[in-house]
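Hi,

Please load it first, then read the notes below.

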Amino acid sequence: VLPGGEPAKRPTAVDQILDDLCAYKLRRREPFLAIGGGCLLDIAGMAACLYRRGVPFVRVPTTLLSIVDASVGVKNGVDFCCRATDETYKNRIGSFYAPSSCLLDPAFIASQDKRNICNGFGEIVKLALVRSVDLFELLETHGAALVESRFQVTDNIPANVGTRIIDLSIQIMLEELGPNLWETTLERCVDYGHTFSKLLEMVPGADIMHGEAVNVDGFFCCILSYLRGYIPRETVQRVLNCMQSLALPTHSADLNPTLAWQSCKDAVEHRHGEQRIPLITEIGESICVSDITQEELSRALDVWKEFEP
Ligand SMILES: NC(=O)c1ccc[n+]([C@@H]2O[C@H](COP(=O)([O-])OP(=O)(O)OC[C@H]3O[C@@H](n4cnc5c(N)ncnc54)[C@H](O)[C@@H]3O)[C@@H](O)[C@H]2O)c1
Ligand SMILES: [Zn+2]
């Protein structure tokens, strides 16, 4: 048993699993099961790809976020503290290595606290915004009740809604990741909400979880879409209502002009020379843009504040 949480996602945790696999004398074609949240699954995936140059492993995600986001992909990794710069970089050491299968069971979510469940919804809202108005409508109608019931079946939620939301999310992930497993294409709609959120999460002392930061970023990007005339103001309000019903933050004082512009510059570096920032053109449809200016960001930040609850 390993501790969960981001601080535990370090190379030493991979070592620990390798020690155990070795002591257990795991054979080359014998799969092991990794049961836990996204952090544990990322660590276990690294160990699986290293031990004897690769043994099969089965992912059993136990958080809503890992069920929809860290289950069917092929990425593994740990955060890395570089001795030369004395800085810790998220997911800096990793591999592309597929699990042999994933077992998804929403029963695990019952023991999660609400903040962690809402955090998982942050990634689901993202998928809905870029790919599926049907998923978005399910979130609008049943999201709040599902947070309340911790994804379990109760009298006021139709029995299949929770699994339908997970199935739709996984289906979108498979369709988006499948043809682009090694990320040869850097224009990825699943990167929606992942431009400004990176620096937001890294602000020292910031009390913001990944899915929350993705949501703040995702809502800010709706303002960029609105100001470009891609979506009407009513759509911005509709997205805001849905996010608020899921108790997700849409604003953060840390998202200021400096952080916003630095994020665009980082995006250029991370996405090979172009911003490639996904924006929605309606709920369920997106494009990638690479021409966002500093002035455009400043104007968007002003308008974004008008929507602050
Ligand atoms: N490889 C990928 O494709 C991929 C995709 C998305 C996210 N991730 C990674 O996943 C991590 C975030 O995942 P997470 O949100 O699951 O965080 P996490 O794994 O840290 O889990 C959050 C907390 O919940 C606890 N926990 C796990 N299951 C529980 C349960 N059923 N009931 C109660 N508590 C439970 C954990 O011990 C931990 O303390 C990040 O490091 C992110 O980089 C990876
Ligand atoms: Zn994410």
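Donors here are N, O and S atoms within 2.8 Å of the metal (3.2 Å for Na, K and Ca); water is not among the atoms, so sites may look incomplete. The model is predicted: local features need pLDDT of at least 70, side-chain atom pairs count only at pLDDT 80 or more, and totals for chains, interfaces and linings use all residues. Residues are numbered from 1 along each chain as its sequence is written, chains are lettered from A and ligands numbered from 1 in the order written, and side-chain values use heavy atoms, without hydrogens and water.

**Zinc site**

Along the chain, the donors of the zinc ion (ligand 2) follow E-x70-H-x15-H. They are Glu123 (OE), His194 (NE2) and His210 (NE2), 1.9 to 2.1 Å from the ion. Glu123 sits in helix α4 and His210 in helix α8 (residues 210-227), 87 residues apart. Helices are DSSP runs of H or I, at least four residues; strands are runs of E, at least two; both are numbered from the N terminus.

**Ligand 1**

The shell holds 22 residues, with Glu6, Asp42, Thr62, Thr63 and Ser111 the closest. A shell residue has a heavy atom within 4 Å of the ligand.

- Glu6 side chain to a ligand oxygen: 2.6 Å.
- Gly38 backbone to a ligand oxygen: 2.8 Å.
- Asp42 side chain to a ligand nitrogen: 2.8 Å.

Alone, ligand 1 exposes 850 Å², and the protein buries 77% of that. Areas are Shrake-Rupley, 1.4 Å probe.

Regards

How values were computed. A polar contact is a pair of N or O atoms within 3.5 Å; within protein, one must be able to donate a hydrogen and the other to accept it, and residues adjacent in sequence count only if both atoms are side-chain atoms.
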